[in-house]
Amino acid sequence: MSTSPVPQPGATDPKVLRNFCIIAHIDHGKSTLADRMLQHTGVVDGRDMKAQYLDRMDIERERGITIKSQAVRMPFVKSSGDDAGTVYVLNMIDTPGHVDFTYEVSRSLEACEGAVLLVDAAQGIEAQTLANLYLAIDADLDIIPVLNKIDLPGAQPEKYAEEIAGIIGGNPDDVLRVSAKTGQGVEELLNLIVDEVPPPQGDPDAPPRALIFDSVYDTYRGVVTYVRVVDGKLSHRDRIKMMSTGAVHEMLEVGVISPEPVKAGDLGVGEVGYLITGVKEVRQSRVGDTVTSNIRGATEPLGGYKTPNPMVYSGLYPLDGDDYPTLRDALEKLQLNDAALVYEPESSGALGFGFRIGFLGLLHLEIVRERLEREFNLELISTAPNVVYRVEMEDGKEITVTNPSEYPDGKIDKVYEPVVRATVLSPSDYIGVIMELCQARRGQLIGMDYLSEDRVEIKYTLPMGEIMFDFFDALKSRTKGYASLDYEPTGEQAADLVKVDVLLQGEVVDAFSAIVHRDNAYAYGVSLASKLKELIPRQQFEVPIQAAIGARVIARENIRAIRKDVLAKCYGGDISRKRKLLEKQKEGKKRMKMVGRVEVPQEAFIAALSTGDADK
Amino acid sequence: MPLTERSLSTLGHRPFGVYVHVPFCSVRCGYCDFNTYTADELGEGATRASYADTAILEIEQAGRELVGAPVVQTVFFGGGTPTQLPSADLVRILDAIRRTFGLADDVEVTTEANPDSVTPESLATLRTGGFTRISYGVQSAVPHVLATLDRTHDPAGVPQAVRWAREAGFEQLSVDLIYGTPGESVDDWRASIEQAIALEPDHISAYALIVEDGTAFARKVRRGEVVMPDDDETADKYVLADELFSAAGLGWYELSNWATDDAAQCRHNVLYWHSDNWLGIGPGAHSHIGGERWWNVKHPAAYAQRLAAGESPRHDGETIDTATARMEQIMLETRLRTGLDLGSLGAAAGAAVPGVVSRGLATREGDRLVLTRTGRLLADAVVRELVE
């Protein structure tokens, strides 16, 4: 069987292009399947294979999640059907898998014509997958349903094929069964992608328009922008324009990833590749924006661009105040790579100088914090994350609260909190406990659907603030790990909220202030005060702890003064050991934050995060 | 690690003491983390019979190295239980020290002893051989407390052991007590204090029980088999001891040590606390000469082999630089009734002094900072403030 030569970037007939993504839950084997496709199409040979080739960042690899999408070009020789022997070009666009990055997911989907819906044959579809599936259906993608891990003893392909068919329509028998681990069914899937996914449509003679679906900072190259060309051609000789801002950049390089970057002259209609323009910050090359050429450029951008708004705020403070400049520089560097990260300096009476940082969600917060600590060697204290509240005062003024300590004291007319529409997928056995949990978090049931005989989809409206701390953990523990969760912000609601302050020795510690529902305020205050009593070591003086709403104290605890802090014996042989202990204690003290006269350990600030759940 | 000129040069200017470690006990007490062994635990080459000869080898070896060593002011035999060795062996070791370095006319020679490990004869041999002071490990007067501590002696035998020591001619006699043992009530402790005072010693040491990592006792605590008393109660016990000892004419001179007068203090321990020079003999023993500190291999068999082969038993050591020496000085002198020399403090530490005084933890006596009773219980916290 002779094959035609492999089509080159910039000279690929859109008819042989297939752009697709894989929609899957964490652990359902997306990265393994991607790896197998890379191997099968020969772009990576077996011995170069690192497990999960496409997940670049260490944190992604360790956590097994994909944060940043990538795209890889794979030539594939069709092996079945009338067109067997034809060389196709498959562009696999990796999508982030977490709710925090829904916007990025939607942009990645826009760059495709088809999606492989990958579901673990032992677990069935999960809420986030379902959410992304709906996004894909909304984006008019052709869906190829696939059950993975059919080699597992616990696999129930019939059951879950039925479930998938119930969701997307079609026949359960059409759900392809593969094992990404053993490679079984992978070739069939590649053939199916060619058959099912439509080739891209676009006007090759129109002014160029390309969608940015990812933008990554590289230390050596500056920002690498991933694009999908919709119309016309992007050439390495062009000067390009970002249509949202009108900013013009010199094009330094155009290319495709296969799976290492390969320079190319041009990118034509339907092609997926990267641009390098010398831009140093991803903010200048934002996901969702449209790239055109500076001369004879397009006038209408592609639709759907928006700037993601932070949903969650948290204060980050260096444990050692001297590290403030390092933290500032580190945030600047992270922002190069993270267009969604917003921050501004703030100061706290308790914690000194730091930053209030806006995040897309809690995972985003955790990732940023971890990267700051790991990559910049910083020790940080983060305050309890909070959502954004809108406060209407009686005098008509409106205040946006991103930090509980800034909650106004004056006459408040109404407070609005953000709400989400949460979708929980679970075996039907757990309906009761799930509803109980959602009610305790002030949820309102929207509806419930059976996906199959024994699996349900439960929808709730929940205050976003109520699901931030540990809702997911509580959900998982109450459902033995079977339930999955997805949510999307849907607006705001008025609520009876109050600010609970914590006072140490009569002084408010701003870092412990929280905004909670009035009904939960008492339980919250009691729980936090008793937790702080456990966590703050005894000092040389008595430390009263109070929780208060305004001037009204709702809980109190007392840390008795320490009376004994001495090791009784000290012989000749003890001296070195005792000195080392002293040095260790001094180090330990550095990990304490002085709040007024009180030494508060770092853990106390972290623990404040987990007391949100008074009903647990 | 050969001694430097610098450290040797201090030998002539500082009091010089010798510590002899005797690593034998009849039973291993659960709480004890000292380097000690029962008879069955040791193999070839490290028997009790050969121990004195081995220690003497080390003394002779050290004598060749410590050029310019002055006569010895204090000798302290600790352990372990030194009186597990025949008194004649202890005397032979002391003789070797005398032969090698010379003993000062007013030398203090102490041995620790268990009340049930002495006889009138053994005590007489020690006294005649040059020992001047006995320190009895009494620990408690209460049987259930002694049982928790794995101590074997009958508390009823203690007055007899004290009487024998007096009859043998020991004028200096210390009683060692432990408080804060799990299960010990405040009244139990009061009984121990009162029994100790009734023995009319010129010196009492009272140590709060420390749970040392790696001991059988620490494992029991970790498993919840015994529960350590609350720190506040242990603090109460300290206060009680200090009140009763003071009323009986025993004044504190270090935060865990009381004596009837200056002459009754344990000069050997004072030497440690003043960072003077001492030579440690025996497995695991620590030495300090002019800013050089070192310690011997821990196992008696390894120790004996080294010496038999003519090698140094030294295992490792450290050089104390000026900053570290200052830190140790603060750490040690703060614990003493004579107090910490304020003139020796740096600016930062000096700045912490008014706070320590205003909180009632210490008083200024001339140019010295002396802990109050409350301050003694918080001595480590005070030290941390002063070294910052």
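This is a short tour of a two-chain region of the structure, stop by stop, for you to follow in your viewer. Keep in mind along the way that the model is predicted.

**Stop 1: the nonpolar cores**

Start by selecting Ile23(A), Ala115(A) and Leu117(A). These residues have the most contacts inside the largest nonpolar core, which has 174 residues. Now centre on Ala115(A) and leave aside residues up to four places away in sequence: its contacts are then Phe20(A), Cys21(A), Ile23(A), Leu109(A), Ala136(A), Leu141(A) and Ile143(A). Apart from that core lies another, made of 108 residues; to find it, select Phe217(B), Ala264(B), Tyr272(B) and Ile330(B), which are among its members.

**Stop 2: a helix in chain A**

Next, select residues 186–196 of chain A, which form helix H6. Which residues of this helix are buried? They are Val186(A), Leu189(A), Leu190(A), Ile193(A) and Val194(A). Look along the axis of H6(A): these residues lie on the same side of the helix because they cover an arc of only 140 degrees around the axis.

**Stop 3**

Two strands to show beside S16(A):

- Strand S7 (residues 209–218) of chain A runs antiparallel to S16(A), joined to it by two bridges. Look for Ala210(A), whose bridge partner in S16(A) is Val291(A).
- Strand S10 (residues 239–242) of chain A also pairs with S16(A) in the antiparallel sense, over three bridges. Here Lys241(A) stands opposite Thr292(A).

While strand S7 of chain A is on screen, pick out Asp214(A), which belongs to it. Is Asp214(A) buried or exposed? Asp214(A) counts as buried because it has 24 C-beta neighbours inside 10 Å.

**Stop 4: where the chains meet**

Colour the two chains separately and turn to the contact between them. Chain A gives 20 residues to this contact and chain B gives 33 residues. On the side of chain A that touches chain B, seven residues are nonpolar, five are polar and eight are charged.

For a closer look, select Met327(B), in helix H12 (residues 322–333) of chain B. Why does Met327(B) count as buried? The reason is that it has 20 C-beta neighbours inside 10 Å. Not counting residues up to four places away in sequence, Met327(B) touches Arg579(A) and Val387(B). Leu386(B) is 59 residues from Met327(B) along the chain, with 8.8 Å between their C-alpha atoms.

**Stop 5: two crossing helices**

Ala349(B), Ala352(B) and Val356(B) in H13(B) meet Val382(B), Glu385(B), Leu386(B) and Val387(B) in H15(B). By class, this contact has six nonpolar residues, no polar ones and one charged.

**Stop 6: an open sheet**

Finish in chain B with an open sheet of three strands, in the order S13-S15-S14 and with antiparallel pairing. Strand S13 (340–341) and strand S14 (362–365) of chain B are the edge strands, each pairing on one side only. Select S14(B) together with strand S15 (residues 368–371) of chain B to see an antiparallel pair with four bridges. Ala362(B) is there, opposite Leu371(B) in S15(B).

How values were computed. Residues numbered from 1 in each chain as written. Chains lettered and ligands numbered in written order. Predicted model: local features only at pLDDT ≥ 70, side-chain atom pairs only at ≥ 80, totals over all residues. Core = buried A, V, L, I, M, F, W, Y, C linked by C-beta atoms within 7 Å. Buried ≥ 20, exposed ≤ 12 C-beta atoms within 10 Å, placed from the backbone. Contact = placed C-beta atoms within 7 Å. Nonpolar A, V, L, I, M, F, W, Y, C, P; charged D, E, K, R; others polar. Arc of directions from axis to C-beta. Pairing = 2+ DSSP bridges.
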